[in-house]
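Thanks for asking me to look this one over. My comments are below, in numbered points.

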Amino acid sequence: MLNLSKLLFTRKARTVAAIACLAVPALAHGQTTAVPLQDLSSFQNPGKTWQVVGEVSADLAEENKLILSKGTGVLVNMPTKKNKGQDLLTAFEHGNVDLELDFMMAKGSNSGIYLQGRYEVQLLDSWGSTARSANSLGGIYERWDENRPEGQRGYQGYAPRQNAGRAPGLWQHLKISFQAPQFDASGKKTANARMLRIELNGVTIQENVELFGPTRGSISNDEKPTGPVRLQGDHGAVAFRNMKVTHYRKAQPELRNLTYRIYQGRYERQPLYDSIPPEAEGPQGTSNILTSNLETGTKQYLIRYNGTLEVKEPGEYTFNLFARGGSGAIRVNNQDAVPFRSWEGKGTVTLPAGEFPFEVLYSKYMDWEKPVLALRVSGPGVREFLISEKELVPDVEADPIIVSAQERPVLRSFMDLPGQYRVTHAVSVGSPDQLHYTYDLDHGALVQLWRGDFLDATPMWHERGDGSSKALGSVKQFGKPTLTLATLATEQAAWATDTTGSNFTPKGYSLNQSAEPSFRYRVHGASVQDAFRIIESGRGLQRELNIQGPASGLYARVIDGEKIEDAGKGMYLVDDKAYYVRLDDLAGAKPIIRTVNGRQELIVPVRSKLVYTLLF
């Protein structure tokens with residue numbers, strides 16, 4: 001018989017238990033506030049090493065140094081030999097919270113963020129390092145016990161999944177979703193704190209990590225329901241900006257008095273129930289009776305749930321429904337929150353506090369699919385949670401096919417970019433130094449650069465596949481590929497958006513003894529060798545173009561972006577300090593920063609050679 005019991009919502013007691021196993025948290029619907037950085041009034045008793053400035057940058061040649069400019073909006077800690085600094089605590093306290101911010105490390109710097117002042121997420125300049133430990137950037141720091149044997153005093157630390165960190169002087173983005181420890185009425189701890197998720201530069205590096213107690217250096221080993229955010233200030237120079245805090249303090253809505261009806265048959269559209277007798281029905285909780293009236297091998301049916309949704313906090317609620325193998329719908333307070341649609345749907349309803357009629361439909365009509373129904377709910381001050389059974393979370397359809405970079409792979413595939421653009425002749429090159437890139441053979445262009453793990457080839461190789469692969473790490477994409485080399489009538493002429501009139505002809509590539517490729521092509525009558533090298537333990541990607549027979553007026557577009565800042569000595573910062581460009585050898589030519597259609601471009605007149613490095 002087909003066991004439908006796993007598809008159904010549980011009675012209240014089991015629903016509450018399932019809520020403890022939260023789904024991936026959402027930032028939406030919490031009470032989000034920005035931490036003002038016009039001055040230091042958002043913090044308790046700030047020490048002298050902390051200040052608010054307008055701009056900040058790093059000196060890549062000097063340890064523990066940040067260069068400051070007057071203004072507001074950036075919080076900076078600059079300890080010195082005379083004043084080693086002290087930690088900074090927020091004036092507010094938090095329980096369940098999402099913390100989101102940008103940070104910048106000085107060269108060799110060390111800092112940290114303590115949730116509730118007790119649980120540290122490590123901040124560290126890890127540029128050029130492939131090692132991962134609890135002490136690495138994004139690691140959850142160890143706990144400490146002096147009574148344990150030597151070499152074992154540090155324990156229960158958690159390394160990040162990937163090293164997704166960037167160079168000193170670049171802004172990095174961090175998101176932390178934290179679940180506070182829970183206590184009963186007597187003050188006894190009933191649940192440990194958890195790092196539900198930590199994202200660094202767009203990459204999930206920690207997920208659902210249980211914290212059995214405060215980490216080393218905590219303000220106290222006595223855990224509490226709330227505490228301040230604490231920024232470590234006695235180790236190294238660090239800057240913060242765009243700090244946002246989302247509190248989750250409100251009670252979750254609950255389902256009550258659930259009943260079910262099961263209708264046998266194929267329902268690709270929402271039926272009129274009054275004309276159809278149910279195959280089975282009853283109050284939720286009568287498990288194992290749900291399948292007694294169904295024939296063996298039944299794979300097509302519809303389940304209808306009715307009940308009451310108790311809402312304790314008025315506001316906007318979002319319902320996220322996954323109905324694998326068919327369609328689903330949600331109706332709340334006589335409003336269609338999620339209309340009847342296939343596979344998945346999401347909708348929002350504004351509700352006052354109170355009790356409201358609630359209906360969920362799940363129509364399973366695809367014979368070959370596994371039945372799965374999952375429902376997640378979020379609301380004002382309520383982090384998204386799973387309101388169906390834990391085992392209903394959609395499983396992974398295939399084991400991921402991950403390509404390691406240890407053997408310096410060079411992999412051909414399609415590569416999809418934002419804006420629904422597909423690079424059909426992409427070559428992705430991996431490095432054991434964990435800095436990788438993708439090159440477009442159709443344009444002789446660098447497509448993207450990323451740090452961390454290499455490629456997910458599941459879309460390409462699972463079953464028939466679609467020919468594409470995905471970068472796994474922290475990615476910097478360079479937009480829709482265009483020619484690197486083009487002829488310009490003047491320095492201000494628009495750059496060609498395609499290869500028309502360029503006579504661009506790819507000639508393949510060759511590998512050196514280190515398995516590093518040099519791409520070859522002809523463009524505007526010139527023969528080009530386009531070589532890439534990972535340098536300085538993965539700190540940068542160096543590109544060397546050698547050009548034979550360059551045409552008159554031939555230019556190279558090194559980079560384009562919203563903003564390009566000249567940092568001096570051949571160094572440039574691009575897109576609000578997202579990455580560096582270092583000009584190494586221009587064969588005597590002079591670089592030009594120009595503005596075209598609201599964007600800036602760094603172009604160079606081409607002679608026989610051009611060498612530059614992206615530091616990332």
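1. A word on the basis. This is a predicted model, where local features need pLDDT of at least 70, side-chain atom pairs count only at pLDDT 80 or more, and totals for chains, interfaces and linings use all residues. Residues are numbered from 1 along each chain as its sequence is written, and side-chain values use heavy atoms, leaving out hydrogens and water.

2. The largest nonpolar core has 42 residues, and Tyr437, Leu485, Val558, Ile559, Tyr579 and Val581 touch the most other members. A core here is a set of buried Ala, Val, Leu, Ile, Met, Phe, Trp, Tyr and Cys residues joined through side-chain atoms within 4.5 Å. Buried means under 20% relative accessible area, with exposed over 50% and partly exposed in between (1.4 Å probe, protein chains only). Apart from this core lies another, of 38 residues, including Leu101 and Met195.

3. Which residues does Val558 touch, not counting those up to four places away in sequence? They are Val581, Leu583, Leu602, Val604, Leu610 and Tyr612, with contact meaning heavy atoms within 4.5 Å.

4. Now the rings. Rings of Phe, Tyr and Trp (its six-membered ring) pair if their centres lie within 6.5 Å; planes under 30 degrees apart count as stacked, over 60 as edge-to-face and the rest as tilted. By this rule the count comes to 11 aromatic pairs. Trp450 and Phe454 have ring centres 5.9 Å apart and planes at 10°, so this pair is stacked. Trp450 is buried at 0% relative accessible area, and Phe454 is buried at 2%.

5. Phe504 and Tyr521 have ring centres 5.0 Å apart and planes at 40°, so they make a tilted pair. Phe504 is buried at 14% relative accessible area, as is Tyr521 at 4%. Separately, Tyr437, Tyr439, Tyr509, Phe519 and Phe532 form one aromatic cluster.

6. The charged end of Arg216 sits over the ring of Trp144, 3.7 Å from its centre, and Arg230 lies over the face of Tyr114 at 4.0 Å from the ring centre. The criterion is NZ of Lys or CZ of Arg within 6 Å of the ring centre and within 35 degrees of the ring normal.

7. Finally, an open sheet of 8 strands runs E35-E36-E37-E38-E45-E42-E41-E40 with antiparallel pairing. Strands (E, at least two residues) are DSSP runs, numbered from the N terminus, and two pair if DSSP finds at least two bridges between them. E35 and E40 (564–568) stand at the edges with a single partner strand each, so one side of each has no neighbour in the sheet. E40 is joined to E41 (residues 571–574) by 4 bridges, and Ile564 has Val574 as its bridge partner in E41.
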